[in-house]
Amino acid sequence: MGYAEGEQAATTLRRALGMVRLTRRFTMLATLYLFVYGVVVLLFRALTRCPRNLLAFGFLALFPVAAVALALERRKFPARTAVKALLDSMHRCGGLLVAGDERDAGAWDARLPEFRVPTVHWHARRHVLALTASAIFVVFAFSIPRRYTRPQSSYTLEVDHLVEELTEQVDLLEEEAVLEDTRARALRDELDRLAEEARGDDPARTLEALDHIQAVMNERASEAAEAALAQVEEMTKAQALADASATLAATGRDPALMAAAMKALAGLLKDQELERMLAGALPEGLLGAAQAGALTPEQLKALSELLKQCKGECRGCLGRLCKARLIDAKFLKLCKNAGRYDPDALAAFLADGQAGKELAVLLRACCGKGGVDRGRGDAPMTWTEGSSEQGAAFKEQVLPPGPVSGLNNTKLVGISAAVPKVSAGATPVRSGVLATGEGPGAAHTRTVLPRHRAAVRRYFERTDKEGTRSDE
Amino acid sequence: MSEKQDAILTPDELKPATDLMNRALEQLDRMLLGRTELHRMVLAGILSKGHILLEGLPGLGKTALVRAIGQILQLEFKRIQFTPDLMPADILGTHILQETGPGKREMVFEPGPVFTNILLADEINRASPKTQSAMLETMQERSVTLLGTTRSLPDPFFVLASQNPIELEGTYPLPEAQLDRFLFRLIVQNVSVEVLDEIISTRRQGEPPAASWQMSSEQLATVFAVAAQIYLPHPVSRYVARLVAATHPVGTEATDQIREYVSYGASPRAAIAIAESARACALMAGRPTAGFEDVKQVAGPVLNHRIILNYRARLDKATPSQVVAALLDTLPEAGVDVPDDVELREA
């Protein structure tokens, strides 16, 4: 009890009142701001192509809103004297508490009541509902599709996904060095412009332009794919020749043939496109030695490995172009077969001169196509990856006993030209797998037609020239 | 000296005056049954040295109340029955030609009934405006001026007027200037059945018993001196000022009801009256300071005859008391701006 307690209670109440007022003010301002923000977002989305993540920075403005609320409430922050007067009134102190600030009222300290700080209740339901509604409005403004944000007369054509897809294709072509940087940049700018100017009331114009860009890129991609395929073929030949040369060098049986193989390999590697491509991948000395036809067996092996890597890169490039749907189905099939050794093509390449023909024969002998229906039987089979037996195991099943065991104890009674008589009630013998199906002992029921009977008789009556005869 | 000025009354200094007033109130309650609150307000008005207008039906004990107060406080009491033919001289007094010696005559002033401590102006609204105006100086200046000579009235001087709210035929409504001079307008209500039963069963002819204790003039002077030292804190005086300002339709804190019903608000004299009577209430409650509850207690009797309502209020049957009560409920005492949707609950 006393003035000190009254002071403390006034301070606590003042702080609580200030906090509630600040929260209330912030809620009101935030509600107002969010509504305005939602409208601005809608306007921006309707009038410009400003991306949503850029517009989302508007949420940061809630911090200044909080600062404004603080500044406004700071001015209206209840004075300490006023809060004490409020406490005086609520506790019915009769002016004693407030008089303590102005006069010496120490004699009445014990007469003051016990001060209980009143609780500050804010009936915030209306404010919270309004804030929630404004927040939902902002979310709605962000999530509504762009076509609904445009006026009906000039709404934007929704080509964002097409533009995005084409942009990705441009990026891929630029990355694969199919398109030059300047050309790729120009295409991207063109795509942005098209997306900006795409209008719903004239969709043909935009779509035709996009189709044109798509066609240009497909054409460039096809050209690049053809070139890559050709290079892969060349590299395949070169790899086969390198392998054959390495084999010949290892055996050392035919220097002339070896020289012919080296010469053919050098001829292949002198191709400008291939040389350009291999220039970065192969060591300078190795490429020079290969073009001079003076490779050692180790260099031949290294050349073969490097050619294999380059082929892989080319095939990867083709795969990415296929995946981006920049090349059509024809190339897709060629891409799948790209890099596979074709002895016929190599033979055709080596066809001129006797040495070339012998080399082709040698290569045919060295390298089979593999498989059971292609290539000669004496060609070595090329094993790549073994088949997995996973899920391919046969299920073991015990079959029922067959009818053979039943016939072991049979005895020939006679031969009749007619249909054997079957006593009534006798059931045909069924066993084995036939017992489960429709076939009910075919020997008992099959009818021998009359025109066949003579043939049957002759069969049983014939004398076997080798000395065997029927049991009769 | 300054320390003395800066200190409010101590409990020991206050207690004798409070006891005296409570004893006077106890005597009043014993003599006149069933009107404790009215008696408290009348005593508060007397402590504030203000005049009181009692409004009520005949036979409710207004005269008996004034007589009882005079008896308890040992003050001179006179009664004037106001009638339409009553003249100012009948109230204030007049000069009479008298023979003061052989062959010598002189105009001698014969004081009227106003020269007393407690004047009961019975049915004051029956007198003509001319006669009513004779009361203005006496009530405000507590003096009478006749033929250029001003004569002071005895101290203390109170006017306790009564008027009948139903018999309005042949009456002259009090002018606003005169109404404003009354500290309180108190409504004298009927008493309950139990009180009536007690009156008729314990008192012959309804005569109240004589006072068993009377306050001496010295004691009364002590009470007045202590009442003058009751302190009015600044937040409370601010509340009084805001309250009176809010009775004006153009006031910044005027409520919607005030703007709709009130033509003219209360005068500064009303603020003074509230402050003084709040001090008196605080003394009677045993406090050295006037508080918000004291202001609320006296605001109704002080303001209800000072607010002038318009015709719309008459049509809606709104009374000044209702308007003042609504204003007291609406206006925050401490001036803390608490929004409507924020509520302070006692812990």
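**Entry 1: the interface**

I began with the contact between the chains, which takes 33 residues from chain A and 33 residues from chain B, where two residues are in contact if their C-beta atoms, placed from the backbone, lie within 7 Å. I note that this is a predicted model, in which local features need pLDDT of at least 70 and side-chain atom pairs count only at pLDDT 80 or more, while totals for chains, interfaces and linings use all residues. Residues are numbered from 1 along each chain as its sequence is written, and chains are lettered from A and ligands numbered from 1 in the order in which they are written.

Helices (H or I, at least four residues) and strands (E, at least two) are DSSP runs, numbered from the N terminus. By class, I read 18 nonpolar, 7 polar and 8 charged residues on that side of chain A; Ala, Val, Leu, Ile, Met, Phe, Trp, Tyr, Cys and Pro count as nonpolar, Asp, Glu, Lys and Arg as charged, and the others, Gly among them, as polar.

I then looked up the strand pairing between the chains: β1(A) and strand β12 (residues 342–345) of chain B pair in the antiparallel sense over 4 bridges, and Thr119(A) stands opposite Arg345(B). Two strands pair if DSSP finds at least two bridges between them.

**Entry 2: confidence**

For the complex, the predictor gives an ipTM of 0.83 and a pTM of 0.59. Chain B averages a pLDDT of 89, with 99% of the residues at 70 or above; pLDDT is the predictor's confidence in each residue, from 0 to 100.

**Entry 3: the sheet of chain B**

I traced an open sheet of 5 strands in chain B, in the order β2-β5-β8-β1-β9 with parallel pairing; β2 (77–81) and β9 (182–187) are its edge strands, each pairing on one side only. The twist averages 20° from one strand to the next.

Helix α3 (residues 36–47) of chain B lies across β1, β8 (158–163) and β9 of chain B, and runs at about 170° to β9(B). Helix α4(B) touches β1, β2, β5 (118–122) and β8 of chain B, and its direction makes about 175° with that of β5(B).

**Entry 4: a helix pair**

Helix α2 (residues 11–31) and helix α4 (residues 62–73) of chain B pack at an angle of about 140°, with their axes 10 Å apart. I recorded the contact as made by Ala24(B), Gln27(B), Leu28(B) and Met31(B) of α2(B) with Ala68(B), Ile69(B), Ile72(B) and Leu73(B) of α4(B); these divide into 7 nonpolar, 1 polar and no charged.

**Entry 5: backbone exceptions**

Most residues other than glycine have a negative phi, and most peptide bonds are trans. I noted a cis peptide bond joining Asp155(B) and Pro156(B), with omega about 0°; Pro156(B) lies in the loop between β7 (149–152) and β8 of chain B. Lys49(B), in the loop between α3 and β1 of chain B, has a positive phi of about 55° although it is not a glycine.

Terms used
Axes fitted to C-alpha atoms, helices over the stretch in contact; angles between N-to-C directions.
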